[in-house]
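Please look at the structure shown below before reading the report that accompanies it. The text goes from one local feature to the whole chain and then to the contact between the chains.

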Protein chains: 2
Amino acid sequence: MAASDPIYPVILAGGQGQRLWPLSRPSRPKPFLDLTGAQSLLQQTAARVAEPQSFAAPFVICSHQHRFLVAEQLRRQQREPQRIVLEPVARSTAPAACTAALLVAARDPQALLLLLPSDHFIADETGFRLAVRRAAEVAAQGRIVTFGAQPDRPETGYGYIQSGTSLPNCEGAFEIARFVEKPDLETAKRYLAAGDFVWNSGMFLSAAGVLLEEMSRHAPEILEACKAALGGADTDSDFLRLEAQAFADQPDLSFDHAVMERTERGAVVPIDIGWSDIGTWDALYQVADKDRHGNAIQGDVVAVESRGCYLHSASVPIAALGLDGIAVVSTPEALLVCPRSRAQEIAKVIRALEARADGTTATPLDQDRRSEDNRRA
Amino acid sequence: MAASDPIYPVILAGGQGQRLWPLSRPSRPKPFLDLTGAQSLLQQTAARVAEPQSFAAPFVICSHQHRFLVAEQLRRQQREPQRIVLEPVARSTAPAACTAALLVAARDPQALLLLLPSDHFIADETGFRLAVRRAAEVAAQGRIVTFGAQPDRPETGYGYIQSGTSLPNCEGAFEIARFVEKPDLETAKRYLAAGDFVWNSGMFLSAAGVLLEEMSRHAPEILEACKAALGGADTDSDFLRLEAQAFADQPDLSFDHAVMERTERGAVVPIDIGWSDIGTWDALYQVADKDRHGNAIQGDVVAVESRGCYLHSASVPIAALGLDGIAVVSTPEALLVCPRSRAQEIAKVIRALEARADGTTATPLDQDRRSEDNRRA
């Protein structure tokens, strides 16, 4: 590959997370929400790789269920995708990465693909492009590059990567010493103090052929399933629909687990570009603009003598009086109120909502599921 | 009057308070809300005086604007009112009391009338009836009896009455030493310690003729205006409409200010019957049933690891996580979140909502006012 060849962005929009409930819902997951500005996170991700000198049109991989959301959000951006690839069932990132690599390799095995989750926030877009340029030099040497965000706090919500030795001839790139799962607070503090741990951002850059070689070596059953699902795919003007049986019939592994933790061709490029996976309302608060009382406000909100709050109305006006560090998220379907510091415990709320569902009283989650069932029926 | 003669209840339903915003609104004030059970406060008030041996059918005095709410809520209770009297403009309690006394006196000047605000809560209904019976003996001696609730805390949200000497031959009734406006906290603590101060409940019992004599002595212009408004009233099957010009053309005084603070015929009967004027969300919390974590819950609510909260959904489900002492009130029009302890500061919220209304962004209050204007136009 020549340095001037464009990189193929692969935007992974298949997530189903509910950590931003009640705004994120099965029918409208996080990538499709306007959380930090006028654009959805998916649109921000697409805009991040829009520069035509550096990037080809993106592949987007998403659930069959969300195909029109994806297509419409890109259309509004006047961002013509290379292809919108539909997953017939929800799978983690390894099948998506492998499928994308097969599609890119069919054009040019040496072409680079940049795997991007579609629901992350990056404050410093220029820093992002510089990091991609640096990583491209590393990837051109046959490496699979992962981006590691420089920690500024002992975060327990992210996985970590320990950097190893510097790569020769690649400034700012390192061997991967090891991947570690989300640590407890004490461990996270040690990582922060140690200085050679970075957050696993979930972004990867690799030549298509290299990625497929490592897939073949470490997860051959995924490679075979993706080949079959592509071989049997149904392609029309708007969407590429992977063949359901073949795609479903494979292990459900993340790209980290399937390849990165096993390969000897990994590398890590540390980044310090205001990255956040916005995995909780508190994380969203951290990256949001604040008023002079430290309140992050979105939508129709009146805050009186309140400070340090995250106040988000996607529905009727919120009046906050005398609150300190509270998150309030209001949607037409439900309302969440909790201290920001406990926003990561939202699964407890969702479990409680599910537990009380008794067939007569539908929870908001049930209602979503039911309408999905109707669509499938 | 004979002891067996029924008392005429006069239910004052003309209030416009907004202290229970966002549930109470100009178009649907507090008396008409289901705040403490299956019945509205108006319905609870009517039920409190439903016993036919003791009480005649009630007069209800309300705003022209709320006539159908009043009529329908009483109809659902199968409670046929004596008359629903419509105030053409909002006035404090003196004109309403005077108008009711004129109506009752036209039948029998010696008949007793019992003035009852329609938006208060009473836990001990039996105690209420006993207190009324005791007060009736005092009123039969030509006194205007006010009911004073025994304080159990240094409340700053109520006016106080200081009891004087015991009335001869009237057990449990006292002269009124003085009325005092809402005190500051230090003063309220002194009142509580002193033991001879009670909260001014706003309920009164008096013979119609006595009330009119004192009105004539201390507020003759109100008496004349009410006579004129009744003289020019328009009466149909459902409503008695006071003549607007005459009714509007009088001082806007409370019955306390117009008569009770001036008369020498006042008396006070202390009551200890779980009375509350439910003037704030915290007051409503105090009288509500609580779960084992001290949460008072109404409507569709899931509370996880929360305690001491007032959680009231009149709209979408509320999910509360990790909250302590917070009030959340959700309606289809707006949402309030504040510490219970600051619920009495709600006027700040309403001022902020009004201040930001700039003609393009309507506040919930404006919307209500606008629709009222439309009705009047």
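Pro22(B) is found in the loop between strand 1 (8-13) and helix 1 (41-48) of chain B, where helices (H or I, at least four residues) and strands (E, at least two) are DSSP runs, numbered from the N terminus. This is a predicted model, in which local features need pLDDT of at least 70 and side-chain atom pairs count only at pLDDT 80 or more, while totals for chains, interfaces and linings use all residues. Residues are numbered from 1 along each chain as its sequence is written, and chains are lettered from A and ligands numbered from 1 in the order in which they are written.

**Backbone features**

The peptide bond that leads from Trp21(B) to Pro22(B) is cis, with omega near 5°. In chain A, a cis peptide bond likewise joins Trp21(A) and Pro22(A), with omega about 5°, and Pro22(A) has its place in the loop between strand 1 (8-13) and helix 1 (41-48) of chain A. Asn169(A), in the loop between strand 7 (160-166) and strand 8 (174-180) of chain A, has a phi near 65°, a positive value in a residue other than glycine. Such features deserve a remark because most residues other than glycine have a negative phi, and most peptide bonds are trans.

**Chain A as a whole**

The secondary structure of chain A comes to 12 helices and 19 strands. The radius of gyration of chain A is 21 Å, close to the 21 Å that the globule rule gives for 377 residues, so chain A is as compact as a globular protein of that length; this radius is taken over C-alpha atoms, and the globule rule is 2.2 Å times the number of residues to the power 0.38. Along its principal axes, the C-alpha trace of chain A spans about 60 × 55 × 35 Å.

Chain A is divided into domain 1 (8-276) and domain 2 (287-368), with bounds that come from an automatic or database domain assignment. The centres of the two domains of chain A, taken over C-alpha atoms, are separated by 29 Å. In chain A, 14 residues of domain 1 are in contact with 15 residues of domain 2, where contact means that the C-beta atoms of two residues, placed from the backbone, lie within 7 Å. On the side of domain 1 of chain A that touches domain 2 of chain A, the residues divide into 6 nonpolar, 6 polar and 2 charged; here Ala, Val, Leu, Ile, Met, Phe, Trp, Tyr, Cys and Pro count as nonpolar, Asp, Glu, Lys and Arg as charged, and the others, Gly among them, as polar.

**Where the chains meet**

How many residues of chain B are in contact with chain A? There are 30 residues of chain B in contact with 30 residues of chain A. Helix 11 of chain B gives the most to the side of chain B that touches chain A, with 6 residues, and by class this side has 23 nonpolar, 2 polar and 5 charged residues.

A rotation of 180° with 0.0 Å of shift along its axis superposes chain B on chain A, with an RMSD of 0.0 Å, which is the relation of a two-fold axis; the copies are superposed by least squares on the C-alpha atoms of residues with pLDDT of at least 70 in both. The same surface serves both copies, as 100% of the contact residues of chain B recur in chain A.

**Sheets built from both chains**

Strand 17 (residues 318-321) of chain A and strand 19 of chain B pair in the parallel sense over 3 bridges, and Ala320(A) stands opposite Val337(B) in strand 19 of chain B. Within chain A, 4 bridges join strand 15 to strand 17, which run parallel, and Ala303(A) stands opposite Ala320(A) in strand 17 of chain A.

Methods:
Pairing = 2+ DSSP bridges.
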